[in-house]
Amino acid sequence: MSAYEPEPDRVWDEYEWERFLQQQDHKTEKYMELLEKYLDHPQRDQIIAREMGWTQLLNEEESDSWSDEVDAMLAEESNSRDDADEQQEPPSFTDGFEDHTLYRAAFALTVWIDQLFDDQAALQNEPAAVKLATHSALASAKLAAALSDDDVDEIGMTIAYLKRALKAITVSMEAGAQLLTEKLITPQQHSVLQQRLFEVRDGIISLMGQYRGEWLRRYGSL
């Protein structure tokens, strides 16, 4: 995947942020694969730097600080843009993400699923159940990113994270339906699960509509 470089000095929309986040996902996955592959190799650091294109880290004299440099580069690559539009007031939809009703519903969903696993330990070995738990937790994490105070200045980024949360909830809904089909949970359990999933899903859709409305108000088009 080639590096995505949108026009400078322009606010990113949700689609540009989504491409940027996909690029960072790709870089992170590649780094983790290389780290696992060359973990015990004596030239691990140099190999990984070369494969990642981090040519400034190939100097052997800098090898002692390689880990610190990598951490700094990953942070820089995943850092959101400079606040070029600080004079604009951000949308005031949320305070801290921990207090947001939608995040609390998503977190309560993960707690409910954890309790289900505690009550039915055999579910921990079922692929559909693992998918349900993993993607529900992922949705909660993406909502935290979308609703955090640090991100609220970037409407496009917020919408992009909300879209990722919505995708994770959709996968969770599919996994829940599979658990019911395979009779691994009861209809009553599935009814409660579905209610919680729909609460989060509908909340995400509603919030996306609010942020898109704010985007239209500011910039005139999506």
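Mentor: Buried means under 20% relative accessible area, exposed means over 50%, and partly exposed lies in between, with a 1.4 Å probe and protein chains only. This is a predicted model, where local features need pLDDT of at least 70, side-chain atom pairs count only at pLDDT 80 or more, and totals for chains, interfaces and linings use all residues. Residues are numbered from 1 along each chain as its sequence is written, and side-chain values use heavy atoms, leaving out hydrogens and water.

Trainee: Why is Tyr103 called buried?

Mentor: Its relative accessible area is 14%. The limit is under 20%, so Tyr103 counts as buried.

Trainee: What makes Phe107 partly exposed?

Mentor: Phe107 has 45% relative accessibility. That value lies between 20% and 50%, so Phe107 is partly exposed.

Trainee: Why is the pair of Tyr103 and Phe107 called stacked?

Mentor: Rings of Phe, Tyr and Trp (its six-membered ring) pair if their centres lie within 6.5 Å; planes under 30 degrees apart are stacked, over 60 edge-to-face, and the rest tilted. The centres of Tyr103 and Phe107 are 6.3 Å apart and the planes are at 25°, so this pair is stacked.

Trainee: What makes the pair of Trp12 and Trp17 tilted?

Mentor: Their ring centres are 4.5 Å apart and their planes are at 55°, so the pair falls into the tilted class. Trp12 and Trp17 are both buried.

Trainee: What is the mean pLDDT of the protein?

Mentor: The mean is 78, and 73% of the residues reach 70 or more. pLDDT is the predictor's confidence in each residue, from 0 to 100.
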